[in-house]
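Biologist: Could we go through this model together? I would like to begin with a pocket.

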Amino acid sequence: MGSKITINPITRISGFLEIQVEVEENQIIDAKSSGMLFRGFEKMLRGRPPLDAIYFTERICGICSTAHSMGSTLALEDILDICPNENDKMIRDFMHGCEFIQNHLRHFYQYTLPDFVRGPEIQPLYNVTHNDYRLPEELNREISGNYVESLEYSRLAHEMLAVLGGKAPHTHGIFVGGVTVNLDAAKWIKVKSILASIKNFVVTRMIPDVYTTAEYYPDYFKNGVGYKNLMTYGVFDTYVEKDLFYVGPQVFINGELQGFNPEKITENIHRAWYEARQTEQRPTEPTVEENVYKEEGYSWIKAPRYEGNPMEVGPLARMWLSGNYTRGISTMDRIIARVLEVGKIIEIMEGLLERVEFKPTQQGRYAFPGEAKGKGLIDTTRGALGHWVTTQDEGIQNYEIITPTAWNLSPEDSRGLKGVVEKALIGTTIEDLKKPVEIGRIVRSFDPCVSCATHVLSGGYSLVQIRIV
């Protein structure tokens, strides 16, 4: 008879996530990933003016809010058949890049490293929960110092975003038709100077730190593998210049590279707390209704599928599919790819700054047609993000969002296919059942964002429940 381990909540992520695994002879044989917070943003948007969606959906997350402004703006531009001019597009992409930097810095140092490095004793921000720390004391002290210093550079990334977007998070700078900022020399010099300082930290500290960590945890190149199905909607992919182009939309399924077709995306609600006329439907179909009493349900997260396949999305998928990182697919590969992607994004942002001009933004007034549908698909910090909107009589009739975390943390579907994180956990060896650190390390490598930057703080006692049955 095996044991069941339940960790609720998984800390050092955004939102409430429960992980339950079944273990036999110290090996995980089954896993369940449960998103434990209902948001309901799609329901809030029904009946509202379409342009409200940009600022509303930004509030889905305090860490990746710019991502939603990008997805929503692209969906509305799709309806209006609007294409921003090249200058506005470059400024918009630069702002999007700022969010990549701040997110990846925070995820690596504040979310991931505490699993591998003994950090500074800053309560309740840092709490030692296991004994599997392998770095020599001197290296540990050095990386621990960078943990603290990284906070300044992630803040600076948000400062760049605020310079161009008015504030951060929840910037006002990205909007239908391009951007709302008129770039001038003062703003340009400021963001260029900040970007240079961040680049120096990334090149001299962050990248060496991830390789040092990986050297002492070689076993994490062998776990957290999952399906090896990868997908990207593409990002920084509208430029012909090589130094500005990153990755175009594509999928990698069962070892075969394929072109991407958005019509193959579906959502399955078999194990999610929702009801609809059919278990599987396309994002353009009416939003489902919630049912917390659904007997077979165990998560508020739906199960997106691409042609029926669970797909991993995120930095590793992008870096792999673009040819920038092809060492492997695993927990540690995921962590390394995210760090290396920061360097790639910075190079693109430098190229954008060299080409952008000081021109007035091209904004206008927009009237929506009587009935229309639009979609905005783009890769963001955590992976493939999709916004689908249906408008009628200049109001939102239906809105559907599939986040990167929905792809990675989905529950089992009606075909019995596990979600990406669930599959990645199955087969993992747990050394100490009372301190199953392996579970947290694998789950956090996907950078989950279950809700709007909700964090758990401890006032002298642990709020994390680890139940072993």
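Modeller: The lining of the second largest pocket comprises 14 nonpolar, three polar and eight charged residues. Here Ala, Val, Leu, Ile, Met, Phe, Trp, Tyr, Cys and Pro count as nonpolar, Asp, Glu, Lys and Arg as charged, and the others, Gly among them, as polar. This is a predicted model, in which local features need pLDDT of at least 70, side-chain atom pairs count only at pLDDT 80 or more, and totals for chains, interfaces and linings use all residues. Residues are numbered from 1 along each chain as its sequence is written, and side-chain values use heavy atoms, with hydrogens and water left out.

Biologist: Which residues lie nearest the centre of that second largest pocket?

Modeller: Of its 25 lining residues, Leu74, Glu77, Arg92, Thr238 and Leu377 lie nearest the centre. On a 1 Å grid over the protein atoms alone, a pocket is an open set of points where a 1.4 Å probe fits, with protein on both sides within 12 Å along at least five of seven lines; lining residues have an atom within 4 Å of a point.

Biologist: Which elements give two or more residues to the lining?

Modeller: They are H3, helix H4 (86-112) and E14. Helices (H or I, at least four residues) and strands (E, at least two) are DSSP runs, numbered from the N terminus.

Biologist: Turning to the sheet, what is the strand order?

Modeller: The order is E14-E15-E16, an open sheet of three strands with antiparallel pairing; strands pair if DSSP finds at least two bridges between them. Strands E14 (371-380) and E16 (395-402) are the edges, each pairing on one side only.

Biologist: And over how many bridges do E14 and E15 pair?

Modeller: E14 and E15 (residues 383-392) pair over ten bridges.
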